[in-house]
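Hello,

Here is the structure I promised to hand over. Please open it and keep it beside this email while you read.

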Amino acid sequence: LRKDDQINGTHRAHHQFLAKTLNYVCPEGFDPLGGALAEPMQRAVQRTLSEILGLRDGYCNGRGGSMHLRSDEYGILGTNAIVGGGVPPAIGVAWSRQRSGPNPRTGELDVVVSFFGDGALHQGAVAESMNLAALWNLPVLFFIENNQIAVSTTIPEATRETRLSARGQAYGIPAFTCDGMDPLAVKIATEKAVKMLRAGEGPVILEAHCYRYFHQNGPLPGSAFGYRSKADEAAWRKRDPIDRVAREMVDLGHLDDKQVARLRVDAQDAVARAAEGLLEPDGNARRIKPRLWPDPATVDYGVRGDLSELDGARYEELEDHSGEVVERKFIDLVSGVMGRRMETDERIFVIGEDVHKLRGGTNGATKGLAKRFPDRIIGTPITEGGFFGMAGGVAADGRFRPVVEFMYADFCYVAADQVFNQVGKLRHMFGGDLPVPLVLRTKVAAKGGYGSQHSMDPTGLFTMFPGWRIVCPSTPYDYVGLMNSALKCDDPVLVVEHLDLYTATGPAPAEDLDYYIPLGKAKVVRPGADFTVLAALAMVKPCIEVAERMGVGAEVIDLRSLDRAGLDWDTIGASIAKTNNVLVVEQGTQGTSYGGYMAGEIQRRFFDHLDQPVKRVVGGEGAPTISKALDMAAHAGPDEIAAGYRDILADR
């Protein structure tokens, strides 16, 4: 592999990380028989060990540790502790490199190698990734380290088709099988595969038959746990690849026995020196030097960025908008602002199911965009985890800015690992400084009669996981400004839309689609003095209408941003200090509610201002159903809002 080629792997990837790193820093003319490692190589070994131990001088500042090793400089995308979880991001980087064209330094495509074991092959994320890579002809090598066993489950116990490379036939991917204990065989097979990738011939599968000497973790062999025999372990030990290379090089006259022994000692000394640089005496023992641990005060650094990328943005609210404002349909602004940003930023592309068809997707959100940007409105198979994870890899690669559409918010759960475990954690997990500019658009279809699996609001669930910013626009005007901010943000942003709002009209710019609304800024949309109402998305308008109809002094605040970093406690606190009473209003079910978190946080922050406990309006416990009567009952609406207003007034 070349320096610009990329790799990723599983959480057992020290060997891959070191190989890629040492080749990158190896000085020209370095002689392995000359004694100690060259200084930059020795430094790389020590930094790798530092990261494995969770120390601040590691490649991820100690955040990744043994399982999450990443280095942008050396072309290592980041290893992954979810079996198979790193494969979708790998195909995203391959897509990014393919879309960028040949590397100007080499005139050929950069390639991506995704390493994973036999156990990972059965994960849906891997199957989806293989299909997408084949569909889009991506320069990615799926390298299967077939260790014959996953923890203690053998391959025949896991699959009827034990030839793992045969999976390629299902997707039209050429595949090789080689003896993974023979480094020369691996080299020849890999060279053939990489040559195909550089020529633009699409993905390749390479299955290397290997053996895992020890148990899944720890120093004991598998035989100690009864799932392998000592005879089997001894037979494989005789085929050890390092011993094999040494033996064959001696037979060919390239090395002698003393040189082989010297190389082993030098390798062990390199690790010993790396450890020595991290340790100090502690009585009769040794300990890690205390100054090498990360500062505990930095524990949350990099959960999100600092939004400095939005410095200089033109922020305008509806009341002070500098251009003409007219009545416009909400859904027209969804496609309108996306088209405007795609005009001004060639990095933006939209990906999702049917976004390129049906005259703008299932609801018209991409209306007209496929005709204007035919290669940037990308329709996908029904593989939410695969194409979302792929988009996460594109975002982390830094060359493009993906906008992912999930047709319904419930589909987030299908892609949950990639959404919450992968993309949301990338920046923080890999050191705190990795931009992940991705926008996820999805819609809530509450009270639409779409049943239990097409209706729910995911906002509360997203607030529970680190890394995500969340915006919930309630008006066409706010949608434009918040989407512009989301598309400029270097963090993953969830933009929640509501089916009911799509057909609604409201004040919106006649032509100007270039203004911004700050992330993390709530808005008082109806002043009042009796009690504070906190709402978002499709509940803002009914909260105002019910207050007007009842003639009560409800101060309604449109939260707009709902992530932990985006809740505008200054605006909320100023209102509570005035009204001394708070009602949190949500439409959706109790299980995915964000109101419980808000109520607890309000009482912690503003207890002395409260005349009564924080009260809530929220839907029922059960998920919505197809029955119209039950669907209406599952969600909160104007009647529940009115009851909440009467209740909070009664207890003032």
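This is a predicted model: local features need pLDDT of at least 70, side-chain atom pairs count only at pLDDT 80 or more; totals for chains, interfaces and linings use all residues.

Residues are numbered from 1 along each chain as its sequence is written, and side-chain values use heavy atoms, with hydrogens and water left out.

**Cores**

In soluble globular proteins, nonpolar side chains tend to be buried together. The largest nonpolar core here has 122 residues. (A nonpolar core is a set of buried Ala, Val, Leu, Ile, Met, Phe, Trp, Tyr and Cys residues joined through side-chain atoms within 4.5 Å; buried means under 20% relative accessible area, with a 1.4 Å probe and protein chains only.) Phe142, Phe406, Leu440, Trp468, Leu559 and Ile602 have the most contacts inside it. Leu440 touches residues including Phe388, Phe406, Trp468 and Val495, leaving out those up to four places away in sequence. (Contact means heavy atoms within 4.5 Å.) A second, separate core has 26 residues, among them Tyr74, Ile76, Phe143 and Ala208.

**Helices H20 and H21**

Helices are DSSP runs of H or I with at least four residues, strands are E runs of at least two, and both are numbered from the N terminus. H20 spans residues 569-579 and H21 spans 595-606. Their axes come within 11 Å and cross at roughly 65 degrees. (Axes are lines fitted to C-alpha atoms over the stretch in contact, and angles run from 0 to 180 degrees between N-to-C directions.) That makes H20 roughly perpendicular to H21, a term for angles of 65 to 115 degrees. Trp569, Ile572, Gly573 and Ile576 in H20 meet Met598, Glu601, Ile602, Arg605 and Phe606 in H21.

**Helices H9 and H10**

H9 covers residues 241-251 and H10 covers 257-276. Their axes come within 10 Å and cross at roughly 150 degrees. H9 and H10 are therefore roughly antiparallel, the term for angles over 145 degrees. From H9, Ile242, Asp243, Ala246 and Val250 meet Asp257, Val260 and Arg264 of H10.

**Asn103**

Where is Asn103? Asn103 is in the loop between helix H3 (87-100) and strand E2 (112-117). Asn103 is buried, at a relative accessible area of 6%. Setting aside neighbours within four places in sequence, Asn103 is in contact with Asp4, Glu108 and Asp110.

Best wishes

Technical notes. Buried means under 20% relative accessible area, exposed over 50%, partly exposed in between (1.4 Å probe, protein chains only). Angles under 35 degrees count as roughly parallel, over 145 as roughly antiparallel, 65 to 115 as roughly perpendicular and the rest as oblique.
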